[in-house]
Amino acid sequence: MNATHSSSSSGGSGIGSGPLGYGNAPTCYFVMIGTKDNPIYEAEFIAVNTARSSSGGATIPEAKKEEFRHLNQFIAHSALDMVEDIQWSTNQMYLKSIDKFNERFISAYLTAGNIKLLLLHDAKSEDAIRNFFNDCYELYIKTLLNPFYEPNSIISSAAFDTKVRLSAKRYL
Amino acid sequence: MAKQYKTLGDDIWKNKVEKINAELFTLTYGSIVAQLVKDYEDFSEVNKQLEKMGYNIGTRLIEDFLARSAVGRCQDFRETAEMVSKVGFKMFLNITPAVTNISADGREFSLVLDENPLAECVELPDQALVDELWYSNILCGVLRGSLEMVQMQVDAFFVTDTLRGDDITEIRVKLVRYLEEEVPAGED
């Protein structure tokens with residue numbers, strides 16, 4: 001578990017540095033993690049539905065975006081421990097909100113094949129997130145049915161990406 | 001004429017054929033193709049192997065077909081086309097491809113498949129799109145093998161395939177020649 005932390009922090013120099021006052025950007029970060037703690041798919045959504053007026057309305061500078069990405073990975077990986085703890089206490093696939101980081105929540109969904117779907121988000125309805133996770137799970141199953149897809153490898157299909165983003169737009 | 005083939009095909013499918021789970025079939029075929037791709041790494045070679053496998057299947061399948069359907073000889077190639085699509089495909093895959101583009105001399109036709117049970121949920125890797133992999137090429141081999149056993153030498157090949165981004169899946173079948181009965185080697 002410590003190994004994954006170092007792999008994500010080595011990529012970004014700004015994990016500890018910049019101020020954590022970035023919470024005005026209503027983005028959700030979605031990641032699917034395989035059985036060996038390897039990310040097989042990640043995506044960021046700008047949530048249009050949350051009516052949050054960001055201060056200043058200035059676009060986030062590129063350097064800060066890189067920071068967010070690394071920070072998101074870091075948060076997601078640290079939440080993995082919580083998932084592994086909780087998974088033995090319930091027989092539900094949808095593990096709801098398992099962790100909190102400043103004002104952001106982390107929800108998790110555990111599939112039958114031990115793939116973890118994690119979503120970093122601001123306060124959102126549980127039902128919406130559950131629907132989104134169910135959609136993503138079905139898309140993942142379809143990907144598994146493709147004979148050319150190696151299980152536990154990175155999902156690079158553009159069709160999968162489009163469908164996930166569509167689902168995110170509908171529910172998040 | 002076409003109606004009687006259709007009812008014949010439907011009837012055989014309903015009563016005389018044992019069925020298996022479609023997903024199992026799709027996944028089995030998918031793993032065959034994926035393994036061939038891994039082994040050969042050259043997509044034209046994979047196409048050839050699929051066609052060869054199909055040929056072996058076809059030479060045996062025709063016996064099964066004739067036994068179940070008990071049809072007589074076809075009068076011409078057009079009838080053969082109808083028989084293949086309405087009875088043959090229906091019996092073994094439960095699909096009825098449309099017969100189109102019959103050539104003027106009646107020696108060529110196209111089969112347009114609107115659904116392909118071999119290729120459910122399949123996405124070709126990018127390299128396969130560049131290099132011309134015909135995923136369901138086994139079907140061409142089956143056509144060639146089975147028709148050769150009834151004295152017709154044909155060429156069957158894919159023209160378009162929805163897996164490669166085209167609108168329809170089309171197989172072109174060309175009659176090369178009718179085969180004469182040959183004396184088996186060793187007899188005079």
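Modeller: Two strands are said to pair if at least two bridges are found between them. This model is predicted, and that cut-off can be applied to strands in both of its chains.

Biologist: What makes strand E1 (residues 27-33) of chain A a partner of E5(A)?

Modeller: Five bridges join E1(A) to E5(A). The rule asks for at least two bridges, so the two strands pair. They run antiparallel, and Met32(A) stands opposite Leu117(A) in E5(A).

Biologist: How do you know that strand E4 (residues 104-110) of chain A pairs with E5(A)?

Modeller: By the number of bridges, which is six.

Biologist: Why is strand E5 (residues 116-121) of chain A called largely enclosed by the rest of the structure?

Modeller: Buried means under 20% relative accessible area. Six of the six residues of E5(A) are buried, so the rest of the structure largely encloses the strand. In a regular strand the side chains alternate between the two faces of the sheet. In E5(A), Lys116(A), Leu118(A) and Leu120(A) point one way, while Leu117(A), Leu119(A) and His121(A) point the other way, and all are buried.

Biologist: Gln87(A) lies in the loop between helix H2 (62-86) and strand E3 (94-101) of chain A. Is Gln87(A) buried or exposed, and what makes it so?

Modeller: The relative accessible area of Gln87(A) is 16%. The limit for buried is under 20%, so Gln87(A) is buried. Leaving out residues up to four places away in sequence, Gln87(A) touches Leu110(A) and Asn114(A).

Biologist: What does chain A look like as a whole?

Modeller: Chain A has four helices and five strands, in the pattern α-β-β-α-β-β-β-α-α along the sequence. Of its 172 residues, 41% count as buried. Chain A exposes about 9,000 Å², and 55% of that comes from carbon and sulfur atoms.

Biologist: What makes up chain B, and in which order do its elements run?

Modeller: Chain B contains six helices and four strands. From the N terminus on, the order is α-α-α-α-β-β-α-α-β-β. The four strands form an open sheet in the order E1-E2-E4-E3, with antiparallel pairing.

Biologist: Why are strand E1 (98-100) and strand E3 (152-160) of chain B said to stand at the edges?

Modeller: Each of E1(B) and E3(B) has a single partner strand, so one side of each is left without a neighbour in the sheet. On average, neighbouring strands of this sheet are turned by 30 degrees against each other, direction ignored.

Biologist: How do you know that strand E2 (residues 108-113) of chain B pairs with strand E4 (residues 169-178) of chain B?

Modeller: Six bridges join E2(B) to E4(B). At least two are required, so the strands pair. They run antiparallel, and Ser110(B) stands opposite Arg172(B) in E4(B).

Biologist: Which strands does helix H4 (residues 77-93) of chain B touch as it packs on the sheet?

Modeller: Helix H4(B) touches E1, E2, E3 and E4 of chain B, and its direction makes about 20 degrees with that of E2(B). Helix H6 (residues 138-149) of chain B lies across E2, E3 and E4 of chain B, and runs at about 165 degrees to E3(B).

Biologist: How do you know that the radius of gyration of chain B agrees with that of a compact globule?

Modeller: A compact globule of 188 residues would have a radius of gyration near 16 Å, and chain B has 17 Å, so the values agree. The C-alpha atoms of chain B fill a box of roughly 45 × 45 × 35 Å along the principal axes. In chain B, 44% of the residues count as buried.

Biologist: What makes chain A and chain B neighbours in this model?

Modeller: Contact means heavy atoms within 4.5 Å. Eight residues of chain A are in contact with 14 residues of chain B. Between them the chains bury about 860 Å², 70% of it on carbon and sulfur atoms. On the chain A side, Leu145(A), Pro147(A) and Phe148(A) lose the most area to chain B, together 67% of what that side buries.

How values were computed:
Residues are numbered from 1 along each chain as its sequence is written. Chains are lettered from A and ligands numbered from 1 in the order in which they are written. This is a predicted model: local features need pLDDT of at least 70, side-chain atom pairs count only at pLDDT 80 or more; totals for chains, interfaces and linings use all residues. Side-chain values use heavy atoms; hydrogens and water are left out. Axes are lines fitted to C-alpha atoms, for helices over the stretch in contact, and angles run from 0 to 180 degrees between N-to-C directions. Buried means under 20% relative accessible area, exposed over 50%, partly exposed in between (1.4 Å probe, protein chains only). The radius of gyration is taken over C-alpha atoms; the globule rule is 2.2 Å times the number of residues to the power 0.38. Buried area is the accessible area (1.4 Å probe) that two parts lose on being put together, summed over both. Accessible areas come from the Shrake-Rupley method with a 1.4 Å probe; for residues, only the protein chains shown count as cover.
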